[in-house]
Amino acid sequence: KRANHSMASASDVPEAKLSKAEQRKELAAAETASRQLLLVLHSWPRFVPACVEPLRAAKGASADAALLLRAPVKVLQTLALVCHKAKAADTAERFKALVSRIELIEPTELRAQMGDWAGADEVAEVLSRAAPAAAAGSVPIVVASELTEAVHAHAELLRSMNNEDAERGPWMYALENGRSFALGQPNWSWTGNLRPGRVSARRQVPESCAANVPDYAHSDEGVPAFEIESQHQKTPPVLTEAEAAKARRAARLGREILDKAHAAVRVGVTTDEIDRVVHEATIEAGAYPAPLNYRCFPKSVCTSVNEVVCHGIPDDRELCDGDIVNVDVTAIIDGYYGDLNETFTVGTRVPPEVKALVKCSYDSLQMAIAMCKPGARYRDVGDVIAAHVKKCGFAVDRTYCGHGIGETFHQAPSIPHYAGNKAKGLMKAGHCFTIEPMINMGSWRDRLWPDGWTAVTTDGKPSAQFEHMLLVTETGVEVLSARLPSSPPLWWEEGGDATNETGAPSAS
């Protein structure tokens, strides 16, 4: 009788609610699990075409249907771990367990089902952006964590990418000079509007390029030992005719590759796509893309957008109408490096003052080239550049400089671009080097992003750069990387050919 009484009493007692502290702990775990799972999904951009589109076809769902993944927190944690660590050969296999739990649901039905879910406002906001995003292949996903006393939801748009690069995952954020990568974007006091995107896996170089592969290509730390130990770190070499011919060939190849990259620049293209163009053009020529694994740089070209001064890492961010982007190409062929860069305008909405900045950078380089000849002082290059830049109302970045180049990527001499510098030495016939002024709209100062490579202006204002590879001759200087008649026009040349560059030696 007592036992029956106890059982009846227990069934009448309401289930104990969680304490405030327990609720906070449970919510924090749900937040972490949801965010982690979404980060994993974002790191494999082929998830939508490989997993969602077949599921949509099988279920007969409309193009507007959203993805709903509703599960307890521990299940979400397990799915995030399994999908991230899977050794599967393709995306569909990697996410097989997750896809089996996904429901395709129409937006109106989802809104009705949400009721009093925590995070319902976030879901509604994502759904409101879903229609235009669907046209670009993006799909809304809602991750709903089942808590003890509630449901907590997060929603984001998953971007679709369906090409070979999409399968080369995971796409992650670069850290520590490219030595490590993270699923989530690092926290940093960003100086402008630009943010780092996700970086694809390293591109491979075929055996056909083996003769031009540098020592750092397969080094875990990307150490250019041959460069570091070279006697040319202190004394610029004087190239022989045969050596000059190799430098000329490398620079010409670099020019042809850069022109292909320029042709690929347009609104909506990612800088990773520009990297693909550069990489494929380089290895097609049997050359090696010099930036790849140089001191662990993870890509084959530098792409510097807007406030990036130099050394931007190509990623999945799409170029926008009104951007500027610098593309810095270096190719190794026959043991010599060919290095050059240019800044391009994107679309039709680049502000006039930003166009003026790009032109100022170009003109300052041309003026510096005009003074190059045997006997000219390297330190005077900075005076010439700074004088013109000052008239334009801009500032010369003082952190980075031009450099000698040939059998190594960087060697003597160092050539600062600012006035009053202390560079040593005189130009001699046979000296080969770059001049590459970085001109900032505001302050000359820069900072490094957490990736350890991307240098940005401290005030977030734009920066532009042009670079040429030069060879001093007996009578003046030869622009080894000169623009070709076939080179795509720069913004001020679009009405006709306005360049006065030449690959031939100029008079002193």
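Some ground rules before the details. Residues are numbered from 1 along each chain as its sequence is written, and side-chain values use heavy atoms, with hydrogens and water left out. Because the model is predicted, local features need pLDDT of at least 70 and side-chain atom pairs count only at pLDDT 80 or more, while totals for chains, interfaces and linings use all residues.

I start with charge pairs. A salt bridge here is a side-chain nitrogen of Lys or Arg within 4 Å of a carboxyl oxygen of Asp or Glu. The structure has 23 of them. One joins Asp316 to Arg159, with 3.8 Å between the closest N and O atoms. Asp316 sits in the loop between strand S9 (308-310) and strand S10 (324-333), and Arg159 in the loop between strand S4 (151-158) and helix H10 (164-167), so this pair ties together parts that are 157 residues apart in sequence. Helices (H or I, at least four residues) and strands (E, at least two) are DSSP runs, numbered from the N terminus.

How exposed are the two partners? Buried means under 20% relative accessible area, exposed over 50%, and partly exposed in between, with a 1.4 Å probe and protein chains only. Asp316 is buried at 14%, whereas Arg159 is partly exposed at 27%.

Two other bridges lie within helices. In helix H13 (residues 271-284), Glu280 and Arg276 are four residues apart, about one helical turn, and their side chains meet at 2.7 Å, N to O. Glu280 has a relative accessible area of 38% and Arg276 one of 23%; Glu280 is partly exposed, and Arg276 counts as partly exposed. In helix H14 (residues 352-370), Lys359 and Asp363 are also four residues apart, and the closest N and O atoms of their salt bridge are 2.9 Å apart. Lys359 is partly exposed, at 23%.

There is also a network of salt bridges, which links Arg255, Asp259, Glu342, Arg483 and Glu493.

Next, the pocket. Rolling a probe the size of a water molecule over the atoms shows where empty space is left. On a 1 Å grid over the protein atoms alone, a pocket is an open set of points where a 1.4 Å probe fits, with protein on both sides within 12 Å along at least five of seven lines; lining residues have an atom within 4 Å of a point. The volume is the space filled by probe spheres set on the points, which are joined across faces, edges and corners. The largest pocket holds about 710 Å³. It is lined by 36 residues, and Cys401, His403, Phe409, His410 and Glu436 are the closest to its centre. S10 and strand S14 (411-415) are the elements that give two or more residues to this lining, and S14 gives the most, with four.

Last, the interior. A nonpolar core is a set of buried Ala, Val, Leu, Ile, Met, Phe, Trp, Tyr and Cys residues joined through side-chain atoms within 4.5 Å. The largest has 88 residues, and Val327, Met427, Phe433 and Ile435 have the most contacts inside it. Contact means heavy atoms within 4.5 Å. Leaving aside neighbours within four places in sequence, the contacts of Met427 include Met371, Tyr378, Phe433 and Val472. A second, separate core has 34 residues, among them Ala50 and Leu98.
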